[in-house]
Amino acid sequence: MPAVPERLLVVDDTPTALEILSRTLTACGYAVTSSASVAEAVRALEAGPFDLVLTDYRMPGASGMDLVRHVRENLPGTGVVMVTGYGSIQGAVSAVKLGADEYLAKPFTDDELEACVRRALEAAAARRAAGRLASAVVGPSRGIVGGSAAMRAVRALIERAARSTATVLITGESGTGKELAARAIHYSGARAAAAFVAVNVAAIPEPLAESELFGYVRGAFTGALETRAGFFQAADGGTLFLDEVGGMPPGMQAKLLRALQDREVTMVGARRATRVDVRVISATNQDLATLVGRGAFREDLYYRLNVLAIELPPLRDRGDDIFELAGHFLRQYAREHGREPPRLTRRALAALRRHVWPGNVRELANLVQRLVVMTEEPEIDAADLPSLLRFAAASGRGAARTLAEVEAEHVLAVLAGAGGNRTRAAEILGIDRKTLGQKLRRIQGGPDHG
Ligand SMILES: Nc1ncnc2c1ncn2[C@@H]1O[C@H](COP(=O)(O)OP(=O)(O)OP(=O)(O)O)[C@@H](O)[C@H]1O
Ligand SMILES: [Mg+2]
């Protein structure tokens with residue numbers, strides 16, 4: 001199916017930044033128009049439809065914020081990404097509050113840019129769909145690939161979660177799709193038209209936690225020159241996604257618990273609490289129950305977050321989903337690189353099926369992307385895979401193997417036996433976790449990549 005490239009409008013007053021952004025996004029397969037100011041952008045928006053506007057925050061004259069407001073008021077179906085400078089997270093929060101679909105904090109990598117644009121495009125598409133249909137008609141598993149029994153169960157839970165406003169706790173190993181599931185719940189529920197605000201709570205320094213989450217009023221502390229919203233206010237009416245909750249500092253746990261119990265928040269320096277209507281979805285790849293046992297996570301907060309539990313199975317437990325997912329990513333990345341999707345041979349597929357995938361779906365996506373970029377052949381065979389997977393494919397146990405190959409195979413076998421658990425595998429191998437990580441990186445790198 002010939003895909004029509006999505007149309008992006010990129011706005012930045014710095015010519016080099018504008019040039020780099022538009023070159024990167026063009027390389028991703030988008031049709032990019034660039035504007036050096038908000039005024040120019042508004043004219044461009046009048047001239048033609050765009051799927052997405054990506055704008056810098058600080059610009060002379062009208063700011064990125066004005067542009068967000070303009071787009072939201074006039075073009076509800078167009079996605080908006082706000083790019084903010086280092087340290088202006090509050091600007092990002094305000095932008096989301098005004099209706100930006102995503103924000104991107106500088107500095108960012110090409111991959112982060114691309115992922116952010118893709119998510120914003122999906123959010124805008126979901127909004128258009130929600131406008132066209134009663135939201136229930138759109139399936140809740142949009143974007144989630146895989147029909148295994150394990151994933152069918154997950155879909156059913158996502159569907160149930162989307163129909164309620166109960167607090168949801170999503171668990172699963174790294175890269176299993178926890179954030180994807182959280183977005184699916186938000187965008188197929190009654191809150192789809194409001195904000196989905198994602199916060200990595202483990203990354204917020206404890207002293208800033210309160211003002212970041214709940215905002216502050218002017219004069220609350222030195223430097224509080226104006227009243228600023230926090231993540232809770234930004235997500236009002238929508239969903240607050242608390243990622244990596246297992247890493248939340250203790251003081252923050254107490255404050256979050258209070259906000260969830262009372263359904264209201266007090267801005268730092270404010271005398272009165274205000275009501276917020278926020279649906280909370282949290283995620284972690286840690287075992288919260290264990291953390292509770294160790295006293296590292298509050299038990300009362302655990303029960304409050306864990307009302308509806310969704311556990312994402314590791315990729316190695318999803319059977320043939322791996323083929324469906326590989327096909328999905330092959331098509332996606334091939335489209336982005338303007339080529340026909342390559343085919344995987346039977347041997348290559350077998351190797352994928354046998355690999356343990358400690359990085360789960362993200363590892364698979366990264367691998368497929370690399371294959372699409374690095375090979376021009378229409379067909380990918382087991383020999384084209386990194387050595388980590390080639391070992392999984394090797395059937396004969398020839399004697400002419402190097403020590404490194406034997407070691408790699410043993411390390412992988414132990415890791416597989418430990419269900420992908422690196423700590424356990426390191427214990428069995430009698431090495432520390434860091435050494436195991438180094439070995440895996442070397443194995444995964446393969447001969448082609450050093
Ligand atoms: N079932 C799926 N179908 C399609 N894409 C998926 C699926 N699961 C995950 N992905 C993709 O894999 C990548 C990783 O997913 P996501 O970020 O949601 O994982 P995560 O569980 O939040 O990982 P982490 O614990 O590392 O934060 C994303 O690009 C996501 O779109
Ligand atoms: Mg995540």
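Which backbone N or O atom lies 3.0 Å from an oxygen atom of ligand 1? In this predicted model, that atom belongs to the backbone of Leu180.

**Surroundings of ligand 1**

Ligand 1 is surrounded by 16 residues, and the closest of them are Val145, Gly175, Lys178, Leu180 and Arg362. Among these residues, Lys178 places a side-chain N or O atom 2.6 Å from an oxygen atom of the ligand. Arg362 likewise contributes through its side chain, where an N or O atom is 2.8 Å from an oxygen atom of ligand 1. For Leu180, by contrast, the atom concerned is in the backbone, at 3.0 Å from a ligand oxygen.

**Helix packing**

Two packed helices are described by the angle between their axes and the distance between the axes.

| Helix pair | Residues | Angle between axes | Distance between axes |
|---|---|---|---|
| α3 and α4 | 64-74 and 89-98 | about 15° | 9 Å |
| α13 and α15 | 321-336 and 360-374 | roughly 45° | within 9 Å |
| α17 and α18 | 403-417 and 422-429 | about 125° | 8 Å |

The axes of α3 and α4 make an angle of about 15°. Angles under 35 degrees count as roughly parallel, and α3 and α4 are therefore described as roughly parallel to each other. Their crossing is right-handed. On the α3 side, the contact is made by Met65, Val68, Arg69 and Arg72, which meet Gly91, Ser94, Ala95 and Leu98 of α4. Sorted by class, this contact has four nonpolar, two polar and two charged residues.

Helices α13 and α15 cross at roughly 45°, and the pair is therefore oblique. The crossing of α13 and α15 is right-handed. From α13, the residues Ile322, Leu325, Ala326, Phe329, Leu330, Tyr333 and Ala334 take part, and they meet Val361, Leu364, Ala365, Val368, Gln369 and Val372 of α15. The class count for this contact is twelve nonpolar residues, one polar residue and no charged residues.

For α17 and α18, the angle between the axes is about 125°. That value makes α17 oblique to α18. The crossing of α17 and α18 is right-handed. Helix α17 supplies His410, Val411, Val414 and Leu415 to the contact, while α18 supplies Arg422, Ala425, Ile428 and Leu429. By class, the contact of α17 with α18 comprises six nonpolar residues, one polar residue and one charged residue.

**Backbone features in loops**

Lys106 and Pro107 are joined by a cis peptide bond, with omega of about -5°. Pro107 is situated in the loop between β5 (102-105) and α5 (110-132).

The other feature concerns Trp357, whose phi is positive, at about 55°, although this residue is not a glycine. Trp357 is found in the loop between α14 (346-354) and α15. Helix α15 is also the partner of α13 in the packing described above.

How values were computed. Residues are numbered from 1 along each chain as its sequence is written. Chains are lettered from A and ligands numbered from 1 in the order in which they are written. This is a predicted model: local features need pLDDT of at least 70, side-chain atom pairs count only at pLDDT 80 or more; totals for chains, interfaces and linings use all residues. Side-chain values use heavy atoms; hydrogens and water are left out. Axes are lines fitted to C-alpha atoms, for helices over the stretch in contact, and angles run from 0 to 180 degrees between N-to-C directions. Helices (H or I, at least four residues) and strands (E, at least two) are DSSP runs, numbered from the N terminus. Angles under 35 degrees count as roughly parallel, over 145 as roughly antiparallel, 65 to 115 as roughly perpendicular and the rest as oblique. A crossing is left-handed if the near helix is turned anticlockwise from the far one by less than a right angle, and right-handed if clockwise. Contact means heavy atoms within 4.5 Å. Ala, Val, Leu, Ile, Met, Phe, Trp, Tyr, Cys and Pro count as nonpolar, Asp, Glu, Lys and Arg as charged, and the others, Gly among them, as polar. A residue is near a molecule or strand if one of its heavy atoms lies within 4 Å of it. A polar contact is a pair of N or O atoms within 3.5 Å; within protein, one must be able to donate a hydrogen and the other to accept it, and residues adjacent in sequence count only if both atoms are side-chain atoms.
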